[in-house]
Amino acid sequence: MAGTVTATATTATTEVGTTVTAATSEMEATATAATSELEATATAAAIGPPSAIPDKYMHKNRLQSFAERTYKKTPIYKVESEGQSHQPKFTCTVEVGDQQFSSTGSFSRKKEAEQDAARVAYEILTTVSESDVKEAFELIDQDAVFCKSILIEFAVKTKTTLPSYSVVCVCLKKPLTLFAAIVVFDGNAYHGESAPNKKDAEQNAARVVIKSILAKHDTCMVRIVRSKKQLITAVRSSGNTPATFTPIQFTRPVSYAAYGRPDDTTPVLPNESSSLAVQRGINVVPAVGTSVNPSSANVSRSKKRKGRVEGAGGNDTWVAKGH
């Protein structure tokens, strides 16, 4: 009996020891994992964030984004090789918007030549001078008639949500009624100047948005505004120059006197003494007398195509009707 108790106690002691050992090992493993995680975090913090892609490899991406936004086309690259076959040198030419740009030198790899050509094209196309921005501001200040269309074109090219307008009446005193518009574009609200009608109020609000974008020297907006130069100038010029009006001139009806044959006719005014005939300078030819008219027999045979009118001095003059 005593031996059985001893064996049971020994077994229980062994199980307890095993459990304690397993728990200790698990705690040690957890502590080790936590320590490793802390060390990895500290190392990552010391090293910093993962290194970004070098700037020299991003020129093609920038140019493609700009070309698709501005010209709705992707750049076209043409690479040429020169030198020996085992050590070739590459140059590149890129076409963007019907313009060509070449790399500044030769490179040992095609990708490097393309990146350099893209860099040159992007720097030239995105450079906006102060004179260009100033000209765009002056065009917008001339007239707001194209501001809504300009803003829509900019939104389409930059893949921005189209603008939305809301118009309110700010003055109800008759006969003067004024409207003001608020436009929401790219998450911002802009207030325009008041105008006598809703359409002009919306154009004024769109002009405020355009000016705010031009103030940032945005290349796309500058190009859009300058492309409307001829239209804006034409509208401005037509508004200052009144249209000429030419009155319609009316002439008095003319009758034709017969001279023996239907084709032998001369224009005759019904009233020879008309002041209008004198003012117009019309050469009035009076109807001829009976001495040169056709004989009475011929006249009687041609009554179907002629009508009888009373001539000057009581003489009968025959005048053709259908001419």
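**Charged pairs between helices**

Modeller: Lys211 counts as partly exposed, because its relative accessibility is 30%. The model under discussion is a predicted one. Lys211 is joined by a salt bridge to Asp141, and the closest N and O atoms of the two are 2.6 Å apart. Asp141 belongs to helix 4 and Lys211 to helix 6, so this pair ties together parts of the chain that lie 70 residues apart in sequence. Asp141 is itself partly exposed, with a relative accessible area of 43%. Elsewhere, salt bridges with shared partners join Asp132, Glu135, Arg226 and Lys229 into one network.

Since Arg226 lies in helix 7 and Glu135 in helix 4, the pair ties together parts 91 residues apart in sequence. The two partners can be described separately. Arg226, at 35% relative accessibility, counts as partly exposed. Glu135 has a relative accessibility of 18% and therefore counts as buried, the limit for that term being under 20%. In total, the structure holds 10 salt bridges.

The nonpolar surroundings come next. Which residues of the largest nonpolar core touch the most other members? They are Phe185, Ile210, Met221 and Val225, in a core of 30 residues. At least two residues of this core come from each of helix 4 (130-142), helix 5 (147-157), strand 5 (178-185), helix 6 (198-214) and helix 7 (219-227). Helix 6 supplies the largest share, seven residues. Ile210 illustrates how parts of the core meet. Residues up to four places away in sequence aside, Ile210 touches Ile140, Cys147, Ile150, Leu151, Met221 and Val225. There is also a second, separate core of 13 residues, and Leu63, Cys92, Phe101 and Ala113 are among them.

Is Lys157 buried or exposed? Its relative accessibility is 17%, so Lys157 counts as buried. Leaving out residues up to four places away in sequence, Lys157 touches Arg69, Thr70, Lys72, Cys220 and Ile224.

Arg119 pairs with Asp116, and their closest N and O atoms are 3.0 Å apart. Both residues lie in helix 3 (residues 110-125), where a separation of three residues amounts to about one turn of the helix. Asp116 is buried, given a relative accessible area of 10%. Arg119 has a relative accessible area of 22% and is thus partly exposed.

An unreviewed UniProt entry gives the feature "domain: DRBM" at residues 58-127 and 179-215. Over residues 179-215, the chain is 46% helix and 30% strand, and the C-alpha atoms at its ends are 26 Å apart.

Note on methods:
Residues numbered from 1 in each chain as written. Predicted model: local features only at pLDDT ≥ 70, side-chain atom pairs only at ≥ 80, totals over all residues. Heavy atoms only, no water. Core = buried A, V, L, I, M, F, W, Y, C linked by side-chain atoms within 4.5 Å. Buried < 20%, exposed > 50% of the residue type's maximum accessible area, 1.4 Å probe, protein only. Helix = DSSP H or I, 4+ residues; strand = E, 2+ residues; numbered from the N terminus. Contact = heavy atoms within 4.5 Å. UniProt positions renumbered as here; feature names shortened; annotations may be inferred. Salt bridge = Lys/Arg side-chain N within 4 Å of Asp/Glu carboxyl O.
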